[in-house]
Amino acid sequence: MRIAVMGAGSIGSYFGGTLALAGNHVTLIARGEHLDAIRGQGLRIQTDDQLLVVPCGENLAATDDPAEVGPVDLALLTVKTYQNEAAIPAMSPMVAPDTTVLCLQNGIDSYQAAASALGPEKVLPGAAYIEAARLGPGLVRQSGSVVRIAFGEPDGGESPRGRDIEQTLIDAGIRAQFGLDIRQTLWTKFLFIATMAGVTSLSRETMAQVMPRPEWRKVIVQCMTEIEGVARADNVALEHDIVEKTVAYIEGDLEDMHASMHADIMAGRPLELEALNGAVVRAGQRVGVPTPINDLIYASLKPFALGK
């Protein structure tokens, strides 16, 4: 399959490199020192067990100009949501009538930006589950055993393209699931990530620091409960014990719970606030469900949304 990765940071580089190792023709859209290092030394992926090197050549290319790539079969959209305004229009030269854009961004409605710009028939919403970070130019680290992509058609149901993409990911060693209720998938992850990102960014502390404190644990549970209420009012079929399961998941792996928005605010970078807690506030207003915890998180972080 001919694949492009729009936004080859940590997550995009990992998935792109893995797909290239499986024999797909992958082009990473990167920039700066990261791009230079990939071109010169190949993409290096450090896992818990080994260092993988994917050289630029037959199956891997890297560029900062999507117009050089030409039409692809599959484009992974992995830029931060606040980069959409520039990144999505730049994808146009890679998007042909039979191209599928798989959106792996945070949020419940982030894929709609690509659908609006590139055509709703082109875009599949999805969610990536992976712990990854860039250690330096051309070098990404993937930690732990969880590497998974879940995606589906926006309105549910089967599709040949969905099954083809699912099989391509599986053949590359990536756990993939083409599901028939993508809204449930997106909201389930969203309840977790919006709470973790919002609370740790607001407190400027990690989940390992705040969760043991009764006053913060109460805020965390109330934040999740708000999101659950909004989802159910919007007819999303979440599991009946979704909050309890999510709290148990967090408490069982506290030391490994890291939110990129927390890292961004600590470093003075822009925040994915609109795609996370801002999306809770907007959805709550739309379905008539109050969201006081997320209102507070959103109002408190909005002055920092554009970075320093």
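Helices here are DSSP runs of H or I with at least four residues, numbered from the N terminus. The views below are taken from a predicted model.

View 1. R204 lies in the loop that joins helix 6 to helix 7 (207–210). The phi angle of R204 is near 60 degrees, a positive value in a residue other than glycine. R204 has a relative accessible area of 32% and is therefore partly exposed, since that class falls between the 20% and 50% limits.

View 2. N235 is found in the loop between helix 8 and helix 9 (242–252).

**View 3. Packing of helix 8 against helix 11.** Helix 8 (residues 214–233) and helix 11 (residues 277–287) pack with their axes 9 Å apart and at an angle of about 45 degrees. Helix 8 is therefore oblique to helix 11. The crossing of helix 8 past helix 11 is left-handed. From helix 8, the residues I227, V230 and A233 meet V280, A283, G284 and V287 of helix 11. Sorted by class, this contact between helix 8 and helix 11 comprises six nonpolar residues, one polar residue and no charged residues. Residues three or four places apart in an α-helix point the same way, because there are 3.6 residues a turn.

View 4. Buried residues of helix 11 are N277, G278, A279, V280, V281, A283 and G284. The cover over these buried residues includes helix 6 (182–203), helix 8, helix 10 (260–267) and helix 12 (292–301). Just after helix 11, G288 adopts a positive phi of about 75 degrees.

**View 5. D264 and its contacts.** D264 is found in helix 10. With a relative accessible area of 3%, D264 is buried. When neighbours within four places in sequence are set aside, D264 is in contact with K80, Y82, R269, P270 and L271. D264 and F304 stand 40 residues apart in sequence, and their C-alpha atoms are 9.9 Å apart in space.

**View 6. Two cysteines, C56 and C223.** The structure holds zero disulfides. C56 has a relative accessibility of 31% and so counts as partly exposed. C223, by contrast, is buried, with a relative accessible area of 0%.

Technical notes. Residues are numbered from 1 along each chain as its sequence is written. This is a predicted model: local features need pLDDT of at least 70, side-chain atom pairs count only at pLDDT 80 or more; totals for chains, interfaces and linings use all residues. Side-chain values use heavy atoms; hydrogens and water are left out. A disulfide is a pair of cysteine sulfur atoms within 2.5 Å. Buried means under 20% relative accessible area, exposed over 50%, partly exposed in between (1.4 Å probe, protein chains only). Axes are lines fitted to C-alpha atoms, for helices over the stretch in contact, and angles run from 0 to 180 degrees between N-to-C directions. Helices (H or I, at least four residues) and strands (E, at least two) are DSSP runs, numbered from the N terminus. Angles under 35 degrees count as roughly parallel, over 145 as roughly antiparallel, 65 to 115 as roughly perpendicular and the rest as oblique. A crossing is left-handed if the near helix is turned anticlockwise from the far one by less than a right angle, and right-handed if clockwise. Contact means heavy atoms within 4.5 Å. Ala, Val, Leu, Ile, Met, Phe, Trp, Tyr, Cys and Pro count as nonpolar, Asp, Glu, Lys and Arg as charged, and the others, Gly among them, as polar.
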